[in-house]
Amino acid sequence: YAAGAFASTLAIGDGSSYTPVAISGTGAGAGFALAASTTSGDHPDFVTSGLDAARSLNRFWTVSSTNGAGATWSATYNYPSSDVDGTADPLTFQGRAWDGAAWTPLTINAVTSNSIQPSGITSATPAQFAFGNPPSFTITATAGANGSITPSGVIAVPLGGGQAFTMTPNPGFHVDDVLVDGASVGAVLDYTFTNVTSNRTIAVS
């Protein structure tokens, strides 16, 4: 690249798919260059990324820099829908970069159904890039006769997320008890789960 601002598309792919990487950045010095390749399938160490291997983008990229001091860039990774796990949601993908020993979270600037753009990349950013949904869990909410719980049913909650519930008795009735994971929390009208890290239940009677 020429010194200063830079932009280009790294025209790469594999035997079945064209998966280019669009680069845009600033601060390039003399001799700055990028080299890229892509590999289909999950990264060999994806299971340690903190993302859900069953809801991932089945492809990773390697993008390495030369003489990258001072340069900062974004990279838009393009991929076909066939690379996405059937239950995955590309619009909520997160990114990780692998340095050979550990994963680093990426700042995601934009997503579409067939692309994802991390930003703030520098020569210090690890060179291998993988994407997927964070793990999610369920909270199963049920109510006995003569009242309701809102929301009800099976509610998906992301790792570390939360969910509030409201218990509403029918006219002439009152809440007798609320069980969270089988243990009583009293006759409360509201309950909020925080920092969810496993499947949970809530039942009102």
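The radius of gyration is taken here over C-alpha atoms, and the globule rule is 2.2 Å times the number of residues to the power 0.38. By that rule a compact globule of 205 residues would have a radius of gyration near 17 Å, whereas the chain has 23 Å. The model is predicted: local features need pLDDT of at least 70, side-chain atom pairs count only at pLDDT 80 or more, and totals for chains, interfaces and linings use all residues. Residues are numbered from 1 along each chain as its sequence is written, and side-chain values use heavy atoms, with hydrogens and water left out.

**Overall build**

- The chain has zero helices and 18 strands; helices (H or I, at least four residues) and strands (E, at least two) are DSSP runs, numbered from the N terminus.
- Taken along the principal axes, the C-alpha atoms fill a box of roughly 75 × 35 × 30 Å.
- Buried residues make up 36% of the 205 in the chain, where buried means under 20% relative accessible area, exposed over 50% and partly exposed in between (1.4 Å probe, protein chains only).
- Of the contacts with a separation of 6 or more, 60% are between residues 24 or more positions apart; a contact means heavy atoms within 4.5 Å.
- The chain exposes about 9600 Å², of which carbon and sulfur atoms supply 53%; accessible areas come from the Shrake-Rupley method with a 1.4 Å probe, and for residues only the protein chains shown count as cover.

**Antiparallel sheet**

- Five strands in the order β1-β2-β5-β9-β8 form an open sheet with antiparallel pairing; two strands pair if DSSP finds at least two bridges between them.
- Its edge strands are β1 (4–10) and β8 (107–112), each of which pairs on one side only.
- From one strand to the next the twist averages 10°; axes are lines fitted to C-alpha atoms, for helices over the stretch in contact, and angles run from 0 to 180 degrees between N-to-C directions.
- Six bridges hold the antiparallel pairing of β1 with β2 (residues 21–28), and F6 stands opposite G25 in β2.

**Mixed sheet**

- A five-stranded open sheet has the order β13-β11-β18-β15-β16 and mixed pairing.
- At its edges stand β13 (153–158) and β16 (183–186), each with a single partner strand, so one side of each has no neighbour in the sheet.
- Neighbouring strands of this sheet are turned by 25° against each other on average, direction ignored.
- β11 (residues 136–143) runs antiparallel to β13 over six bridges, with T138 opposite A156 in β13.
- β11 also pairs with β18 (residues 200–204), in the parallel sense and over five bridges; the bridge partner of A143 in β18 is V204.
- β15 (residues 178–180) and β16 run antiparallel and are joined by three bridges, with V180 opposite A183 in β16.

**Aromatic pairs**

- The whole structure holds twelve aromatic pairs; rings of Phe, Tyr and Trp (its six-membered ring) pair if their centres lie within 6.5 Å, and planes under 30 degrees apart count as stacked, over 60 as edge-to-face and the rest as tilted.
- The W98 and W103 rings have centres 5.0 Å apart and planes at 50°, so this pair is tilted; W98 and W103 are both buried.
- F165 and F193 form an edge-to-face pair, 5.7 Å centre to centre with 85° between the planes.
- F165 lies in β14 (residues 163–169) and F193 in β17 (residues 190–193), so the pair ties together parts 28 residues apart in sequence; both F165 and F193 are buried.
- Y1, F6, F32 and W73 are linked into a cluster by ring pairs.
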